[in-house]
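Subject: Handover of a structure for your review

Dear colleague,

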Amino acid sequence: MQHKTQLTLSFLLSQVLLLACAEDLECTPGFQQKVFYIEQPFEFTEDQRILNLVFDDCKGNNRLNFEVSNPDFKVEHDGSLVALKNVSEAGRALFVHRQSEHAEDMAEILIVGANEKHGALKEIFKIEGNLGIPRQKRAILATPILIPENQRPPFPRLVGKVISSEGTEGAKFRLSGKGVDQDPKGIFRINEISGDVSVTRPLDREAIANYELEVEVTDLSGKIIDGPVRLDISVIDQNDNRPMFKEGPYIGHVMEGSPTGTTVMRMTAFDADDASTDNALLRYNILKQTPTKPSPNMFYIDPEKGDIVTVVSPVLLDRETMETPKYELVIEAKDMGGHDVGLTGTATATILIDDKNDHPPEFTKKEFQATVKEGVTGVIVNLTVGDRDDPATGAWRAVYTIINGNPGQSFEIHTNPQTNEGMLSVVKPLDYEISAFHTLLIKVENEDPLIPDIAYGPSSTATVQITVEDVNEGPVFHPNPMTVTKQENIPIGSIVLTVNATDPDTLQHQTIRYSVYKDPASWLEINPTNGTVATTAILDRESPHVQDNKYTALFLAIDSGNPPATGTGTLHITLEDVNDNVPSLYPTLAKVCDDAKDLRVVVLGASDKDLHPNTDPFKFELSKQSGPEKLWRITKLNNTHAQVVLLQNLKKANYNIPISVTDSGKPPLTNNTELKLQVCSCKKSRMDCSASDALHISMTLILLSLFSLFCL
């Protein structure tokens, strides 16, 4: 009863408004009231008359046609708005479009709550008293105008009317704002005399949904008489935009064996139409599934949310039994709540069935065979396995482990990343004489763990039988390398050592012969039968073939096999030093000016090829000087150097100074040598050492010798 009273009140208010306007204004084509407010009931019932719409084209209303934005409602010929069925949710607004031969207009019915209704009425109508007649304070009446988008020609098209209650002579209407004299310009215009508002071209709500214009009344001179008054123009949405999927590509993943109802992904489409109307109310549907096995309906899409979920049992969602793990769904989005009149857009959703490790790897056979020659390393056999899981995942990739038969760590196994085979390798050479056969137990697992209800079985282990082939191995020296210490200069024919080589092929009972392989100084020989090494020359520690007091030679041990096998042994002889080298003196030439004031002629140094203690400290001495007076002396500076000093200036000549230098060896060795001294004339910083006189000392010695002989 309360609901009927509210609807009756709304109807009475509309009639009062029409009567109030009719008192002062002439006939205006269109709906006599353009905006209605009704309170939202619990439910609109079928055939319920909600309100009455009054339309007048001022020409007799011939051939009237009503259209309602919600298909659950209709308008009877008498203007009554009627529900076609029980409707619990009609949205926030209804739009009624009516057209005759002479006029066209749109009415808006706003559905509000009880609290909203009173406020909305007060906003539009300034109610005076408890039931007063709504009046505008200004003389300009500019009711909101509703215009459907995408209207067809002809244009301009009359869409509304502005009325001034003060009929001032010569008064003119002036319209301004965005859509008139601001960009986009020229969309609307007003008849300055009648106040008729026209649209000049089709409107696009998705470009501009509302226009806020201003209406003024001016006199003939352009002076504003009344206004400005705001004129709101709203563009009524038409269903002219198809839903679009903008976020592709759409790819979803679901694990095989997932429970029924598992959410895979969400599809979301966009509709540019008015989101508050059914024009943008989308519903989703699966048009096609490829492939169609094992079920043509593997998935379901929530028509409102767009969520794609699985609808088959976990048993059917088995990746290994599927024709392909990829499904493609053609998804349709339809506006108008999915009704047949709605526009549609489609997109393809790709769903990948992800693998889980529900199949353990299994060897293709229980036992593998391999043959390898002793002493050889590398891959000897490839172990093959089968796994039904996805090759691109850790559920397929195999990991091999040797669990028995490899105590010496002679074998290793690695996974071939391309084939998933196990590559069994020998990493330490095998010895036929120790073991001719090896048996390995190998297991295979996946990189990823198996799912809880699956376990590795007997097929995940295999045996590998390995046969080692005998080969003729070369003899082996013991030890190798061999070391011995000897003094240099030992007599030729001295025994250095006896080498020892054995044949690893103990079962073949072969003989061994020895030979010299490398002897850089040709100092050694070896007995081919017993391996005794002796000297054939003097061992010299100072030889260029000796490095760090060590001489190195190589020997061969050759067995009697067919073909024979060879082993190589290395001998290092450390040579002990003997004092067998006299010290050497440097420099051997010195120069001095005949008028020199500094008579220190030269600093002499000594060196020795031997080792300490057969080297320094050195002893420097002058041989006995002949003649009536001594001409020079030698003074020791340190263990390795001495200084020669003249006792007086000498004439320009060449002199030979006899010097002896002795090392500290036991017994010591002495080197008697001569220092050549050139006494030169020095003038103007130039030294002239040309020998104008003969060797002075030498001639003196000769004369003294002759005199001695004559006296005898």
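Predicted model: local features only at pLDDT ≥ 70, side-chain atom pairs only at ≥ 80, totals over all residues.

Residues are numbered from 1 along each chain as its sequence is written, and side-chain values use heavy atoms, with hydrogens and water left out.

The chain as a whole

The chain contains three helices and 52 strands; these are DSSP runs numbered from the N terminus, with helices being H or I of at least four residues and strands being E of at least two. Of its 712 residues, 42% count as buried. Here buried means under 20% relative accessible area, exposed means over 50%, and partly exposed lies in between, with a 1.4 Å probe and protein chains only. Among contacts (heavy atoms within 4.5 Å) between residues at least 6 apart in sequence, 67% join residues at least 24 apart.

The largest nonpolar core

The largest nonpolar core has 26 residues. A core of this kind is a set of buried Ala, Val, Leu, Ile, Met, Phe, Trp, Tyr and Cys residues joined through side-chain atoms within 4.5 Å. Two or more residues come from each of β45 (589-593), β46 (600-607), β48 (632-636), β49 (641-646), β50 (653-662) and β51 (670-683), and β50 gives the most, with five residues. Leu604, Phe620, Leu646 and Leu677 are among the residues with the most contacts inside the core. In soluble globular proteins, nonpolar side chains tend to be buried together.

Strand β49

Strand β49 is mostly covered, as five of its six residues are buried. Two strands count as paired if DSSP finds at least two bridges between them. β46 and β49 run antiparallel and are joined by five bridges, with His641 of β49 as the bridge partner of Gly605. β48 and β49 also pair in the antiparallel sense, over five bridges, and Val644 of β49 is the bridge partner of Ile634. Four residues lie between β48 and β49, which form a hairpin.

Asn357 lies in the loop between β25 and β26. Asn357 counts as buried because its relative accessible area is 4%. The C-alpha atoms of Asn357 and Ala395 are separated by 4.7 Å, although the two are 38 residues apart along the chain. The side chains of Asn357 and Asn446 are joined by a polar contact of 3.2 Å. Such a contact is a pair of N or O atoms within 3.5 Å; within protein, one must be able to donate a hydrogen and the other to accept it, and residues adjacent in sequence count only if both atoms are side-chain atoms.

Asp358 is in the loop between β25 (344-354) and β26 (362-363). A polar contact of 2.8 Å joins the side chains of Asp358 and His359. Beyond four places in sequence, the residues that Asp358 touches include Glu256, Asp318, Glu320 and Asp389.

Thr324

Thr324 is placed in the loop between β23 (307-310) and β24 (326-334). Thr324 is partly exposed, with a relative accessible area of 25%. Thr324 and Pro291 are 33 residues apart in sequence and 7.9 Å apart in space, C-alpha to C-alpha.

Yours sincerely
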